[in-house]
Amino acid sequence: MGRKFFVGGNWKCNGTTEEVKKIVNKLNEGEVPSQDVVEVVISPPFVFLPLVKDLLRPNFHVAAQNCWVKKGGAFTGEVSAEMLSNLGVPWVILGHSERRQLLGESNEFVGDKVAYALSQGLKVIACVGETLEQREAGSTVDVVSAQTKAIAERVSSWADIVIAYEPVWAIGTGKVATPAQAQEVHSELRKWLSANTSPEVASTTRIIYGGSVTAANCKELAAKPDVDGFLVGGASLKPEFIDIIKSAEVKRSA
Ligand code: PEP
């Protein structure tokens, strides 16, 4: 099916110039599988994007953590998709649960952002995921399907979208989804894509897992057939991120 393993590092709202330089040095020294095996995308805060882009090894790329929903202009404090394209930033993370939950970003707003970012030539890591309450109520699949539907209704191609399944209860909590839980939701998302977009989109779109991924748990998760990589928060700031990138080898030997 040729879904290249994908590992994203979401630095969230962390770092000073000195810290950023240190982390990038570590990333640049790390021994990782070739670009044919794994695609690596690092997402620092906006202000560090040019620095990271300049210093980062050429086989790793950068992502912004958000962008504005439409053309820039009188929107104080926002960063537009046009600006990211202009800086040569290829990727953007949209719909992260910290924005959905804390800033009230709705499914429709996220869908609009995804469509606009794509229209400006950006590639998108689109995050979906349920809260603990929703999981316990048995509505996980309904929630992630509705989040995915709001994107599907607004885009004509999935070629530049990676879906990140990130259960809210697993993000930053140390409570990782079991490989079986991740596989189940990824497989349901693929079924949803097949039924509502096309079987081709379903079989080619990468669905990565995020939520307390570490060097210790990544290999077991990576071994699941519908887990195409990871979006990593906390551990992406640490040397163990290199080991998480290396978990791409699990797929190669599968
Ligand atoms: C994230 O921020 O997308 C994330 C998955 O965070 P963490 O790995 O820290 O749970």
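Arg190 has a relative accessibility of 9% and counts as buried, the cut-off for that class being under 20%. This value, like the others below, comes from a predicted model. Asp228, at 2% relative accessibility, is buried too. These two residues form a salt bridge, with the closest N and O atoms 2.8 Å apart. Arg190 belongs to helix 8, whereas Asp228 sits in the loop between helix 10 (218-222) and strand 8 (229-232), so the bridge ties together parts that are 38 residues apart in sequence. Arg190 and Asp228 also belong to a network of salt bridges that includes Arg3 and Asp226.

Helix 8 (residues 179-196) holds another pair, Lys191 and Glu188. Their side chains form a salt bridge with a closest N to O distance of 3.3 Å. The two residues are three positions apart, about one turn of the helix. Glu188 has a relative accessible area of 25%, so it is classed as partly exposed.

A further salt bridge joins Lys12 and Glu98, at 2.7 Å from N to O. This pair links distant parts of the chain, 86 residues apart: Lys12 is in the loop between strand 1 (5-10) and helix 1 (17-29), and Glu98 is in helix 4 (residues 97-103). Glu98 is partly exposed, with a relative accessible area of 29%.

| Salt bridge | N to O distance |
|---|---|
| Lys12 and Glu98 | 2.7 Å |
| Asp228 and Arg190 | 2.8 Å |
| Lys191 and Glu188 | 3.3 Å |

Terms used. Residues numbered from 1 in each chain as written. Predicted model: local features only at pLDDT ≥ 70, side-chain atom pairs only at ≥ 80, totals over all residues. Heavy atoms only, no water. Salt bridge = Lys/Arg side-chain N within 4 Å of Asp/Glu carboxyl O. Helix = DSSP H or I, 4+ residues; strand = E, 2+ residues; numbered from the N terminus. Buried < 20%, exposed > 50% of the residue type's maximum accessible area, 1.4 Å probe, protein only.
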